Amino acid sequence: MNSLEFSKDLIEFIDESPLNYFAVKNASDILEENGFKKLLENERWELEDNGKYYIIRNDSALIAFTVGNDLTKGFDIIGSHTDSPTFKIKSNPEINDNGYLKFNIEPYGGMIYYTWLDRTLSLAGKVSYKNADKIESKLVKIDKDLLTIPSAAIHMNREVNKGFEFNPQNHLYPIVKTIEDNFDVGYIQELLAEELSIESSAILDYDLALYDRQKGAIINNMYQVGRIDNLGSVHASLRAICDSENTKNNVLILNDNEEIGSRTSAGAFSPFLKDTLKRLAVNRDLDEEDFYIALANSYLISADQAHAIHPNFKEYHDPTNPISMNGGLVIKTAANGAYSSSINSNARLIDLANSIGCKVQKFHNRNDKQGGSTIGPIASTGLGITSIDVGEPILAMHSIRELGGIEDHLEAYKIYKAFYETNF
């Protein structure tokens, strides 16, 4: 497998994953194809030696694991997140405004607003509905050009190129179509009912968000697509655990809601990871002390993308640690503890990368800049696990379309696969 083909596989995964729910659904399909069996949290687990399993929470978070010979040797874990910045559709979203139908929206995560303007957009998400006496749910991806957020003409907004601030309450409503003044509400329910072939009256609730209709693209030795942060890490680590050959206790965790602070039942602050590891230990007849021995021997790679140096905005970057796209996986370090990397964790990954001929870079923020959050400090604080924060260097992070290097994506996969296959 070469870097170009691997990045094309990533683009296909992202194009088919417009929202967190779809990332988890597509990840579970790949796990199933590679022999992983699904477990349910509300049922007893029957685990076999050298078995491969996964569980899903809220349809938006996932943990996969392999059962090794001796759990007290610890768990080798790679964690990333399934969510990305977007606009969520509010309840009763229809707005009749001067002959246009608009949808009421709410920003999710910290996005670059202007990149969402003047693009062809659509909706995806999850819908709950009543089917006879049961409440059921389905994922919905409306696969057609549905709406857009148009800019104001420069003749009307002369300050748009001089630091104009977009107000999401006033300026960022997506327009669906032109309408007559007597337009009735309920458009969203009818749209979903048609998509799911159900009666609109059966719909109980929905969780919908906007997504970009433009497909990903290869630009020479770079790739451009939305949601690289953090579906790039999801893809590389998912392929790594599926392709690795081992008898170790390997774990893949895909948390949700990192972009809004992780404080949900599917986020990194939840007991999802700890409870899963504890159930695995109990199932293999370990007592509580054995479980804490296992945690003490565990290691977590928090995989969340990093900032490459921007050739047009060099002043934003640390002067002695420039990060090159296609220059290798990045270890992220911060003196304020925003990243979990430390001298206790860095050496193992650096040595591993060196042993397979992969490059490693080190990122530090400028002293007057503050980086984003990751699941690394949360997981390591909650479980006491040795942890490191890494990521592939990209540009335009949190834009509707981000930019990454095809060599970096393959090298990340190689390091993650070697991590899953190597005893420490």
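Modeller: Start with the pairing of strand S4. Six-bridge pairing comes first: 6 bridges join S4 to strand S13 (residues 250-255), and the two run parallel. Strands pair here if DSSP finds at least two bridges between them. Strands (E, at least two residues) and helices (H or I, at least four) are DSSP runs, numbered from the N terminus. Within this pairing, Gly79 stands opposite Ile253 in S13. S4 also pairs with strand S14 (residues 299-303), again in the parallel sense, over 4 bridges. There, Ile77 has Leu300 of S14 as its bridge partner.

A word on the source. This is a predicted model, with residues numbered from 1 along each chain as its sequence is written. Local features need pLDDT of at least 70, side-chain atom pairs count only at pLDDT 80 or more, totals for chains, interfaces and linings use all residues, and side-chain values use heavy atoms, with hydrogens and water left out.

Now the cover on S4. Buried means under 20% relative accessible area, exposed means over 50%, and partly exposed is in between (1.4 Å probe, protein chains only). In a regular strand the side chains alternate between the two faces of the sheet. In S4 both faces are covered. Asp76, Ile78 and Ser80 are buried on one side. Ile77, Gly79 and His81 are buried on the other.

Next, the salt bridges. The term means a side-chain nitrogen of Lys or Arg within 4 Å of a carboxyl oxygen of Asp or Glu. Side chains of opposite charge can pair when their charged atoms come close. The whole structure holds 17 salt bridges. One of them joins Asp9 and Arg239, with the closest N and O atoms 3.1 Å apart. Asp9 lies in helix H1 (residues 3-15) and Arg239 in helix H4 (residues 228-243), so this pair ties together parts 230 residues apart in sequence. Asp9 counts as partly exposed, because its relative accessibility is 23%.

Another salt bridge links the side chains of Arg284 and Asp49, at 2.0 Å from N to O. Arg284 sits in the loop between helix H5 (272-283) and helix H6 (288-296). Asp49 sits in the loop between strand S1 (37-38) and strand S2 (52-57), and the two residues are 235 apart. Arg284 is partly exposed at 22% relative accessible area. Asp49 is exposed at 57%.

Lys88 and Asp207 also meet in a salt bridge, 2.9 Å from N to O. Lys88 is in strand S5 (residues 86-97) and Asp207 in strand S10 (residues 203-212), so the pair ties together parts 119 residues apart in sequence. Lys88 is buried, with a relative accessible area of 18%. Asp207 is partly exposed at 23%.

Elsewhere, 5 strands form an open sheet with mixed pairing, in the order S11-S12-S20-S19-S15. Strand S11 (217-219) and strand S15 (306-307) stand at its edges, each with a single partner strand, so one side of each is left without a neighbour in the sheet. Strand S12 (residues 222-225) and strand S20 (residues 402-405) run antiparallel, joined by 4 bridges. Val225 stands opposite Glu402 in S20.

Some backbone details follow. Asn220, in the loop between S11 and S12, has a positive phi of about 55° although it is not a glycine. Asn220 counts as exposed, at 70% relative accessibility. Asn58 also has a positive phi, about 60°, and is not a glycine. Asn58 lies in the loop between S2 and strand S3 (61-66). Its relative accessible area is 40%, so Asn58 is partly exposed. The peptide bond from Asp229 to Asn230 is cis, with omega near 15°. Asn230 has its place in helix H4.
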